[in-house]
Protein chains: 2
Amino acid sequence: MLLSEMICATNLAWGMYPGLSHGAADALKHHGTDEQKSTYLTKLVEGVWTGTMCLTEPHCGTDLGLIKTRAVPADGDAYAITGTKIFISAGEHDLAENIIHLVLAKLPDAPEGSKGISLFVVPKFLPDAQGNVGERNAVSCGSLEHKMGIHGNATCVMNFDGATGYLVGPPNKGLACMFTMMNAARLGVGIQGLGLIEASFQNSLSYARDRLQMRGLSGKQAPDKPADPIIVHPDVRRMLLTQKAFAEGGRMLVLYTAQMLDLVEHGQPGEERDHAETLLGLLTPIVKAFLTEVGFESTNEGVQIYGGHGFIKEWGMEQLVRDARITRLYEGTTGIQALDLLGRKVLMSQGETLKVFTKEIHKFCKAEADNPALKEFVVPLSKLNAEWGELTMGVGMKAMQDREEVGAASVDYLMYSGYVTLAYLFARAAKHASVSLEGDDKAFYAAKLNTARFYYQRLLPRTKAHAQMIQSGASSLMAISSEDFGLGFEI
Amino acid sequence: MLLSEMICATNLAWGMYPGLSHGAADALKHHGTDEQKSTYLTKLVEGVWTGTMCLTEPHCGTDLGLIKTRAVPADGDAYAITGTKIFISAGEHDLAENIIHLVLAKLPDAPEGSKGISLFVVPKFLPDAQGNVGERNAVSCGSLEHKMGIHGNATCVMNFDGATGYLVGPPNKGLACMFTMMNAARLGVGIQGLGLIEASFQNSLSYARDRLQMRGLSGKQAPDKPADPIIVHPDVRRMLLTQKAFAEGGRMLVLYTAQMLDLVEHGQPGEERDHAETLLGLLTPIVKAFLTEVGFESTNEGVQIYGGHGFIKEWGMEQLVRDARITRLYEGTTGIQALDLLGRKVLMSQGETLKVFTKEIHKFCKAEADNPALKEFVVPLSKLNAEWGELTMGVGMKAMQDREEVGAASVDYLMYSGYVTLAYLFARAAKHASVSLEGDDKAFYAAKLNTARFYYQRLLPRTKAHAQMIQSGASSLMAISSEDFGLGFEI
């Protein structure tokens, strides 16, 4: 995950080629037959072949139950796949000898909706008996999408015209198999957000030190220069520190989640692994949606620090914004992640999932209650942690009367949860920093404490707004009819 | 201003050509000689010639005191202008016979800094004795900037190689003359933000009614269709209503400000005009910065409503985001507007400027205190109005000790001010709507009341976060040194 962040910070669009191959390899590893594994896995891991995920169709993305792509039994264990998929990242290119598409399609007798979806592997070139590239399959790129960003990645319309494919996993269980890839992909997209924040921050910092403009409000800071470097201005510092706090806080969140993933995948069965599995489920939508939302904000702060130059392509800062924009959308929009968090993870467990985490935070706050060095962090964290539970209970009660209350509160709930989660991790970082202020890296730890303080004073107050919006309920959203939205300009 | 909004909603990049001509004509009308007026005004107003504003240079935008472009006396009343200007919108094109550049430059004996800047008119073709296009002047386009957005406008690097120019207004008073254009331009950019919100909202609304995806959380809404239109989902409604509330609230703000401008330009001297002039000064940075900030947010909500399709160019939604991005930067960034509001307008008048407005709001709240139909608006508005004064006093007190406190609070202060201003205007709209619910347009007024209610419940709570951040002070911003920002990744 640390390497992923570096790849995303360096070239997000390129990083998607190995990223999708990784996802395809994971799905085959977990759900493929031995023959499929031996045919595809080595090539995918070596990077000689690359992979894709073919889910979306023109009329459906979120609602995969609506897909129209069909799979009809053909010779032996093969199927003939027919349909059109859109937004297929890395769908067609010359970077690899072969492209292995993992495709969602419906069998002839499939039940309606999302329970009737199966997963198929459809290679661009059918492997021959030796496992090398053989006959061309009937899958082709219909066109390249013209997008706002990630121009370095070929996003394709893919046409399957009776292409030969093979079932992966059981019939009609394709969505569950695809979720193996999707959960990893969601964490991956959160890391994309993080990588972009770091890239934007590093560029912004160097620009803010170089660019001379105006004098400091309280007097000249660089009297030998025609003006002061803009890093002296408090509002520029506010923007830089916003990037810095989201980069450092986001990195803690990703690594904390990675620890849970390690425990789930490699730990011994038992309480610790159960705890990790619960937290992984809770944190996945937060990593995905919170880090991409604040990633978009942070890359925009980067443009703002560059002023007019930020809008000019040659500086590279506006590209980070355009690349960041997709991360709020793909692998499930922020709205979908928010429903997953509040509806599926928290409320469906009667709040038990959340309690696993708030208990951990509560334990930390209690243990540090008498630590004077941490008072500025532990006091507000403890209050927020309690409020988090109360807000959840409040929405849960309302939702028992009206399910729309869940959707009305969900995005604010997700953002609130993200801010509190980062506050917990910053408090832990502050604990470590506060006892390291005398060592060799004392300047580093002093800066870390400063960033934690900035986070608590200048970013965490956003929870106040989110809390009130969560509590405001669904009525102001649902009262107006679809027709009445346009009164005043529609005739 | 109403027409401006429509032009911006339709084609912002094109609208800049007449917009800049308008600004150039204004500057010449106010500061030009009779000869300059007769030479340029008719052609500019007819649109046969267009205008530009040449301020920015590669090393300075905000800090115009640093400009290097020089003006040396030449034949008669002419000057030879030499220097390079960048980011010149409508700088070179074939849409008009001639392009009239208004250029900031320094005379040989000019004082240092912003007090030594003069304004010159530099036509692309020197008008002949009959006032027609004559000899080509030594001003040329060095290159076109490659930008994130507003691709329909030619943004140019302009080289002046001893170009012939004529002084406009007194020597060394160029910045004051340019401010004639700049205040109008700032209102114009605020209206660009508004136009983009409206365009994004209208598109989003029509997409949200058409796009079928998932079933409503509380059951099927369109049982005859394979899925429900996404406008049934509360989170989609939250995004649509955010756009709608900012469009309607922003329009009220622009028209309220336009009334003040009319009074200032055409009213009789006296108390009413003084009041209008004060409010115009106070509201101009709010119109510029608040409407472009929420404009960027709203166009992004538009992309989010379209899901993955929003990221694809052919739908047009991502273009609105890219176009909106520049509005937070040009004509003074949000940070510069915020310093103008808090530092120049509010604190330099010891808060008197703000009091003129908060008194007006207070009067409204008092008059409606017993109106049960307005209670849900007047109660929170009245509290916020009082808090606005207290926050101002708080920053003012701190700023007496440390000027950096102004810059630390400024952007949050501007956003807070914007939210309260829109709350006042929505309360007035609600007053009118509440007595119009029985008339012919009752559905329209019911929708207006609903939008006001949404604004108060779902957007106004953001003031809570801004208030706390304003109060948090400068220390967490200023404590860390420029060097220590990079600890952890710089060697």
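**Entry 1: one salt bridge.** I looked up B:Asp412 and found a salt bridge to A:Arg458, with the closest N and O atoms 3.0 Å apart. The term stands for a side-chain nitrogen of Lys or Arg within 4 Å of a carboxyl oxygen of Asp or Glu. By this rule the interface of chain B and chain A holds four salt bridges.

**Entry 2: ground rules.** I note that this is a predicted model, where local features need pLDDT of at least 70 and side-chain atom pairs count only at pLDDT 80 or more, while totals for chains, interfaces and linings use all residues. Residues are numbered from 1 along each chain as its sequence is written, chains are lettered from A in the order in which they are written, and side-chain values use heavy atoms, without hydrogens and water.

**Entry 3: the interface.** I found 98 residues of chain B in contact (heavy atoms within 4.5 Å) with 99 residues of chain A. Between the two chains, about 8,700 Å² is buried, and carbon and sulfur atoms give 61% of this area. Buried area is the accessible area (1.4 Å probe) that two parts lose on being put together, summed over both. Of the area that chain B buries against chain A, B:Phe311, B:Arg458 and B:Phe485 supply 10%, more than any other three residues.

**Entry 4: a record.** I checked UniProt, where an unreviewed entry lists residues 357-480 of chain A as "domain: Acetyl-CoA dehydrogenase-like C-terminal"; positions are in the numbering used here, the feature name is shortened, and the annotation may be inferred rather than shown by experiment.
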